[in-house]
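Here are my notes on the model you sent over. Have the structure open while you read, and click on each residue as it comes up.

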Amino acid sequence: MRTIKTALLSVYDKTGVVDFAKGLHELGVQLLSTGGTAATLVDAGLPVRQISEHTASPEMLDGRVKTLHPKVFGGILARRDDDSQMAELGVHKVLPIDLVAVNLYPFAATVARPQHTVQEALEQIDIGGVTLLRAAAKNSPGVVVVVDPANYDEVLDAVCSNDLPLSRRLVWAARAIAHTASYEASICNYLSGLPENAALDATPELQDVPDTVAMTFDRVQGLRYGENPHQKAAFFADEATVPRSLGAAEQLQGKELSFNNILDLDAAWRLVRALSVAGAVVMKHNNPCGAACGESLVDAYVKARATDPVSAFGSVLGFNEPVDVDTAGEIVTTFVEAIAAPGFTSDALEILREKENLRLLNVPTDGELAASYAAAGFHRHDIRWVDGGLLVQDRDPGAGIPQEEWVCVTDRQPSDEEEAGLRFAWSVIPYVKSNAILLARGQQLIGIGAGQMSRVDSCRIATWKAKDFGHQVAGAVAASDAFFPFPDGPESLAEAGVTAIVQPGGSMRDEEVIEVADRLGIAMVLTKTRHFLH
């Protein structure tokens, strides 16, 4: 005997609902519906019972009250395995409702509009829909709930074959609750982010960070292991922030990704997007061991790999242009773990398939994200977990410095060639772990000192690495992510042959540092912007 006899359909997104309802009707399922959904189904020639007729109670308050009635929620919530509850339905002449198909008002899409008002946002807070979904999920052993039009065919096939085990019902219930959780998170972030002077008829400017941070994430995949083989791990994506991110990437080939692969791919992808022209990044343990721009992608990659060819072994690569056949030919000459790029040509894929374990991620670059965290999650923020809480900050926008803030404070000005190198190194420095010192010639890094507790040690490491791999340090330029607390850093760089330095300044010893630079004949530029990365 078929278990689904009555279905309630009330959807904002009408995609696929007519075909779904037709399928249910052909199986003998009675259709209940509301307002616009009912009108759509009637226009399609389907027999529909309006919810107001079913409850003998009219829709009220311009549709604000439609389904909030005991004849609706009693029919959903009554436990089918409890004879007393089922008998109570009979006493009150309440019809059991066996399937609920609901999706919600577009709150996130509304607050994503630049010119929306607070009142318009409030009107998109769904009441009945959320309540229907929660009720159906609560009683999922007896009621089927579907929230995503993409699942209509799956549900219809199951209803048709009467293949509705508890395990399947619970999966659908989990999807419904996940949907409402994401929906409520958007509302929570929006309302708790409103300024004190918010007006109903005006577009609000949300606080930098809301008073309450609510987030939901969907599991993308399990991972081979975590940071170490004895740690279990999985990758989750925020549905709202997926466009142009690793969460939307398609893996074209290779072994299953690991926790560390994704961390390095993310670091490489963030950095390479900051490079203006054809750019390549070689990433290892969340630090670049090479970065360059070139006249072509293969030129950029060869230069990036040459920064530190030893560390490039077993690295992760990032490209800001589709990988072509010439670049692929160079890639396969070195052992590489994974690549993130906005595409691969067919000829390049043919070459890269020679390395069947090489992980290739095609990262989409289309799709714009809304500015509001209520509409598009916290893609403009960095979030770090600490014991018992989390830290939220604006994401470092990178190192684009207006010309008026690019101030030379030494007697000697940087040459045009030196300034080009300084600007390139400064564009990379926000993505290197502190304390960070970079050496560059033109559009190529030649030495990297990263993650040291002492800035002068980072200077020594950067110059040592550059010399060790045959790079000409004499005439190179350097970038420092933060100020020099003592002159020993610039002295060490100058001794190695560096002729120009860019740094934010701000040390109590800035004057002493600048005096040393003048004495050594170094050009020094201050940007007033620090780029720590921990």
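1. Which side chain does E154 meet in a salt bridge? It is the side chain of R175, with 3.2 Å from N to O. This pair links distant parts of the chain: E154 sits in helix 9 (residues 152-160) and R175 in helix 10, 21 residues apart. E154 is partly exposed, with a relative accessible area of 30%, and R175 counts as partly exposed too, at 33%.

2. Before going further, remember that this is a predicted model. The average pLDDT of the protein is 89, and 94% of the residues score at least 70.

3. Now the overall layout. The protein is divided into domain 1 (6-193), domain 2 (254-364) and domain 3 (407-526). Between the C-alpha centres of domain 1 and domain 2 there are 47 Å.

4. Back to salt bridges: the structure holds 16 of them. Side chains of opposite charge can pair when their charged atoms come close. Take D308 and K465, whose closest N and O atoms are 2.9 Å apart. D308 lies in the loop between helix 12 and strand 11 (315-319), while K465 is in helix 17 (residues 455-468), so the pair ties together parts that are 157 residues apart in sequence. Are these two residues buried or exposed? Both D308 and K465 are buried.

5. Next, look at E419 and R423, whose side chains also meet in a salt bridge (3.2 Å, N to O). Both residues belong to helix 16, and because they are 4 residues apart, about one helical turn separates them. E419 is partly exposed at 21% relative accessible area; this is worth checking against the cut-off, because buried means under 20%. R423 counts as partly exposed as well, at 28%.

6. Most residues other than glycine have a negative phi, and most peptide bonds are trans. K93 has a positive phi of about 55 degrees although it is not a glycine. You'll find K93 in the loop between helix 5 (83-91) and strand 4 (99-102), and at 69% relative accessibility it counts as exposed. K528 is not a glycine either, yet its phi is positive at about 70 degrees. K528 comes in the segment after strand 21 (523-526) and is exposed, with a relative accessible area of 68%.

7. Which two residues does a cis peptide bond join? They are S434 and N435, with omega at about -10 degrees. N435 is in the loop between helix 16 (416-428) and strand 17 (437-441).

8. On the surface, L122, L191 and L200 form a nonpolar patch with about 240 Å² of accessible area together. One of them, L191, lies in helix 10 (residues 166-193) and is partly exposed at 38% relative accessible area. N261, in helix 11 (residues 259-273), counts as buried, at 7% relative accessibility. Leaving out residues up to four places away in sequence, N261 touches E256, E337 and R359.

How values were computed. Residues are numbered from 1 along each chain as its sequence is written. This is a predicted model: local features need pLDDT of at least 70, side-chain atom pairs count only at pLDDT 80 or more; totals for chains, interfaces and linings use all residues. Side-chain values use heavy atoms; hydrogens and water are left out. Domain bounds come from an automatic or database domain assignment. Helices (H or I, at least four residues) and strands (E, at least two) are DSSP runs, numbered from the N terminus. Buried means under 20% relative accessible area, exposed over 50%, partly exposed in between (1.4 Å probe, protein chains only). Patches are made of residues with over 30% relative accessible area and no salt bridge: like charges are joined within 9 Å, nonpolar side chains (Val, Leu, Ile, Met, Phe, Trp, Tyr) within 5 Å. Accessible areas come from the Shrake-Rupley method with a 1.4 Å probe; for residues, only the protein chains shown count as cover. A salt bridge is a side-chain nitrogen of Lys or Arg within 4 Å of a carboxyl oxygen of Asp or Glu. Contact means heavy atoms within 4.5 Å. pLDDT is the predictor's confidence in each residue, from 0 to 100.
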